[in-house]
Amino acid sequence: APESAGYGLGLNERFHAETAADIYLRRMGRLPSWGEQGSADDKLPATAAICIAWPELERANAESSYRGRPGLLGESLRRAGMASAAIGNSDDRALVCRPAVLVAMDARAVAPWSDVGARTVAGDPRAPFGIVCDVRAMAEAAAAAPVEALILDMGDFARLRRYAVNLSSGAYDLQLGLCYERLDALLVELERLLGPPSEQLAYVLTSPSSVSGLAPVAIAGWSYGAGLLTSPTTRRAGLVTSLDMAPTILAGLGVDPAWECDGAAMVQAAVAQPGPAGAIETPVGLTDHVALAMLMEQTLTLAAQARGPVLRLFIGFLVAAVFGLLGVIVLNCRAPRWMLQPVRALLVAASSAPLVLLTGPIVGVWGTVASTVLLIVGCAALALLMVRISGSAMWSVVLLSGATAVVIALDAFTGGRLASTSLLGHSAVLGARYYGIGNELMGVLVGSAAVAGAGLSRSPWVSATAAAAAMVILGHPSIGANFGGMISAAVTSVAIVTMAIRRSPLSARPTRSRAVALAGVCLAAMGATVALILLDASSPKSSHIGRAWRTLMQHAGGSGQLAAIVLRKLAMNIRLLRYTAWTQVLIAFLAILGAMAAGARGGVFQRFRRGYFGLYAALMGGLAGAATAMVVNDSGVVACATLAMMPTLAMLGYAADELTARGAEQ
């Protein structure tokens, strides 16, 4: 919403010497009517408020790749014969800001009952901009509104946020305390005039967000008891999203949404005192629930702060390992022998990083410094252990791939508690993902499964089967819920099978037989993906994948919406190529694989292919899957880099082992 969307005004309220009704009439061509007939007796009541910036707001959303539709709450109520009211404002001396109208309005930009003008505020020279909400006036306006849903905006918190640059930290804390005192007084007045929370009356409260971007939300009344909230949008106890607010209110009033929306009604979570890894243990009381919500906010904030620096360090490991090996290859015989061992160790350390990052929540490591120490120490220890056990960088990568794939899969089957707290997993603060397997872990899972299957069995068929298993895990709505990951894993599996067929006894048969076998594999992969999507779409607790599928199938213009989704993904990936550090990983992989491929025909690629065809097939399949991930994922650069990581490191491990052996012979 642009800033002008806050111009929600009473019909006869004046804005720049004009009434809101006149401005609306000029911009929209006609005034909306109260009912459907639009007769002279059907005019909007004088109490209505309208958003005079509706054309700009509607156009901004129509042009957005997300295609938002303003007015969900108000329109749903209007179609059900109900109404909503907007009360209060966030105005200051220079700015008109009426977010309550944005929430309460329908698809015509109308809130049928309102009191958003100067009557709901009072002067106070000690407050930001000298303005505070008038608690009694707001409560009386709410009591007088003949509507089913009341949207109240105190405005004090918004004014304080805009004025904060002028305050010392002590003065800010004092003003924040006064804001909460007025909020408490408002709730007392509302309960006195409207009644206490009950099966028929609910109070839904959301406060301003903290520095992290997370905000406390509370519901009293209807069927909600003491405890934590959750929703199908997040599937996490104690965590909901702003998208869930309108569906929650509509569900409480027994009203169906006017159109398909991304959010879902909040429900009471079934209990939760988490252990070190977020495991559910024993029921807790109200005080513990509040403490748990505060602890969740703290840990999610620490994770968000540490995510960037720690992942950049991880990426630094990868880039240093790759270019270190490239330097050794370029120097060839002139490279000193002492360079080889550190390069091998760095390759193995980089491949152990995903496993180390997953263990952070288990050992209770939070924050940037502690996570950095864990990453450095953990990767060094695992690298030394793996090289000592296997005596080979390549086999160390294979073993670590197997362990990593198993841990990610087991975590996904048991609720994804590690994924939801690991720095390589979800980011609730960013809102990128709340459940299932995110793009970082998705890429690691697919690449690790393919490498582990090939290395531990020496068979491309087992590698393809492992990638197919990853596809099912990623596509299942209750486990992975990652559409792009499912498609990428399917392509990886099919690419490995293609190479296996070319090398198998089928290769001696006519081309038609090979084509039939390959077509059968492709159809099986397509059938599995379609079945998983339909399973998700038919579930009452669909993931974002199932809801998107229903939207595409049930509404006109589904192909256009699909094209919009594809274009949105491409646009995001183009931006990420410019700004994300994962681009450095892709460049490093392309540089070293290109340098190896440009060598003599009897070079390392051919020797790797002859000696370890299964791993070679996993590499080729992983690269095909990585290219697919770039196209079908929102953050395709991340998914592409992480999917290609383990197969590429296995190949580089082989090259490092070969160089080490050659150096020992000399």
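This note walks through a predicted model, point by point.

1. **Overall make-up.** The chain holds 23 helices and 14 strands. Of its 666 residues, 51% are buried. Take the contacts in the chain with a separation of 6 or more: residues 24 or more positions apart account for 71% of them.

2. **Helices α12 and α14.** Helix α12 covers residues 393–413 and helix α14 covers residues 439–457. Their axes come within 7 Å and cross at roughly 125°. The crossing of α12 and α14 is left-handed.

3. From α12 come Trp395, Val398, Leu399, Ser401, Gly402, Thr404, Ala405 and Ile408. They meet Leu441, Val444, Leu445, Ser448, Ala449, Val451, Ala452, Gly455 and Leu456 in α14. By class, the contact of α12 with α14 has twelve nonpolar and five polar residues, and no charged ones.

4. **Helices α21 and α22.** Here the helices are α21 (residues 604–611) and α22 (residues 613–632). Their axes come within 5 Å, with a crossing of roughly 120°. The pair α21 and α22 is therefore oblique. On the α21 side the contact uses Phe605, Phe608, Arg609 and Gly611. On the α22 side it uses Phe613, Leu615, Tyr616, Leu619 and Met620. The classes in the contact of α21 with α22 are seven nonpolar, one polar and one charged.

5. **Valine 429.** Where does valine 429 sit? Its place is in the loop between α13 (417–421) and α14. Valine 429 counts as partly exposed because its relative accessibility is 24%, which lies between the 20% and 50% cut-offs. Leucine 214 is 215 residues away from valine 429 in sequence, yet their C-alpha atoms are 6.5 Å apart. Leaving aside neighbours within four places in sequence, valine 429 is in contact with Ser212, Leu214, Leu300 and Ala304.

6. **Alanine 345.** This residue is found in helix α10 (residues 340–359). Alanine 345 has a relative accessible area of 28%, so it is partly exposed. Alanine 321 is 24 residues from alanine 345 along the chain. The C-alpha atoms of alanine 345 and alanine 321 are separated by 8.6 Å.

7. **Positive phi at alanine 17.** Phi of alanine 17 is near 70°, a positive value in a residue other than glycine. Alanine 17 lies in the loop between β2 (14–15) and β3 (18–19). Is alanine 17 buried or exposed? Alanine 17 counts as exposed because its relative accessibility is 61%.

8. **Positive phi at phenylalanine 129.** Phenylalanine 129 is also a residue other than glycine with a positive phi, near 65°. Its loop runs between β8 (121–123) and β9 (131–133). Phenylalanine 129 has 18% relative accessibility, so it counts as buried. The cut-off for buried is under 20%.

9. **Cysteines.** How many disulfides are there? The count comes to zero. Cysteine 133 is in no disulfide. The nearest cysteine sulfur to that of cysteine 133 belongs to cysteine 179, 8.4 Å away. A disulfide would need the two sulfur atoms within 2.5 Å. Cysteine 133 counts as buried because its relative accessibility is 4%.

Key:
Residues numbered from 1 in each chain as written. Predicted model: local features only at pLDDT ≥ 70, side-chain atom pairs only at ≥ 80, totals over all residues. Heavy atoms only, no water. Buried < 20%, exposed > 50% of the residue type's maximum accessible area, 1.4 Å probe, protein only. Axes fitted to C-alpha atoms, helices over the stretch in contact; angles between N-to-C directions. Helix = DSSP H or I, 4+ residues; strand = E, 2+ residues; numbered from the N terminus. Left-handed = near helix turned anticlockwise from the far one by under 90°. Contact = heavy atoms within 4.5 Å. Nonpolar A, V, L, I, M, F, W, Y, C, P; charged D, E, K, R; others polar. Parallel < 35°, antiparallel > 145°, perpendicular 65-115°, else oblique.
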